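Here is a short report on one chain. Keep the sequence and the structure in view while reading.

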Amino acid sequence: MRLEARYGTVHNVTMAIVAVGYGLVAQRSLWYVVNLLAAGVVPSLRSAELDRLRAYSASGLLAGVIMHAALSLLVGLLYAVVLPMFPRRAGLWSGLVTPIVWSGLVYATLDVVNPTLNGLIDWRWFV
């Protein structure tokens, strides 16, 4: 496995752990963040109450896993684009710059893509 692919896999798993950790700490629910992410494509979760977002949803889990995988691929693509711009210590610089660029992109587009998530997201945790 190439080094870049391993970094991508580690990043993917780390994103999921941090997100689920936030759900457990802030909402006392393993499913909160998963359902919140899935609310962009699952109509029943789009206008769900907080208790519904905290509960297990099979469609939410499926949509959340697919969306997480897609977002992880996009973040990996962003890393691939940014990495060659930093000839020295590329991993360090892209590890700092890419999350800032990605956070700005999500902040600018989230209200259109997933209004439910945008209304409930805690940006300090996200960044």
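Helices here are DSSP runs of H or I with at least four residues, and strands are runs of E with at least two, numbered from the N terminus. Asparagine 35 sits in helix α2, residues 32–38. The model is predicted: local features need pLDDT of at least 70, side-chain atom pairs count only at pLDDT 80 or more, and totals for chains, interfaces and linings use all residues. Residues are numbered from 1 along each chain as its sequence is written, and side-chain values use heavy atoms, with hydrogens and water left out.

**Burial**

Buried means under 20% relative accessible area, exposed means over 50%, and partly exposed lies in between (1.4 Å probe, protein chains only).

| Residue | Relative accessible area | Class |
|---|---|---|
| Asparagine 35 | 0% | buried |
| Alanine 39 | 1% | buried |
| Alanine 26 | 31% | partly exposed |
| Leucine 77 | 52% | exposed |

**Around α2**

Contact means heavy atoms within 4.5 Å. Not counting residues up to four places away in sequence, asparagine 35 touches Leu45, Arg52, Leu53, Ala55, Ser57 and Gly60. Leucine 45, on the same terms, touches Asn35, Ala38, Ala39, Arg52, Leu53, Ser57, Gly60 and Thr116. Alanine 39 lies in the loop between α2 and α3 (43–46). Its contacts beyond four places in sequence are Leu45, Arg46, Asn114 and Thr116. Alanine 39 and leucine 53 are 14 residues apart in sequence, and their C-alpha atoms are 8.9 Å apart.

A nonpolar core is a set of buried Ala, Val, Leu, Ile, Met, Phe, Trp, Tyr and Cys residues joined through side-chain atoms within 4.5 Å. The largest one has 20 residues, and Tyr32, Leu45 and Leu53 have the most contacts inside it. Helices α2, α5 and α6 (90–113) each supply at least two residues of this core.

**Helix α5**

Helix α5 has 25 residues and reaches 36 Å from its first C-alpha to its last, close to the 36 Å expected at 1.5 Å a residue. That expected span is 1.5 Å times one less than the number of residues. Its buried residues include Gly60, Ala63, Met67 and His68. Leucine 77 also belongs to α5, residues 58–82.

Alanine 26 is in helix α1, residues 3–27. Its C-alpha is separated by 9.8 Å from that of aspartate 122, 96 residues apart along the chain.
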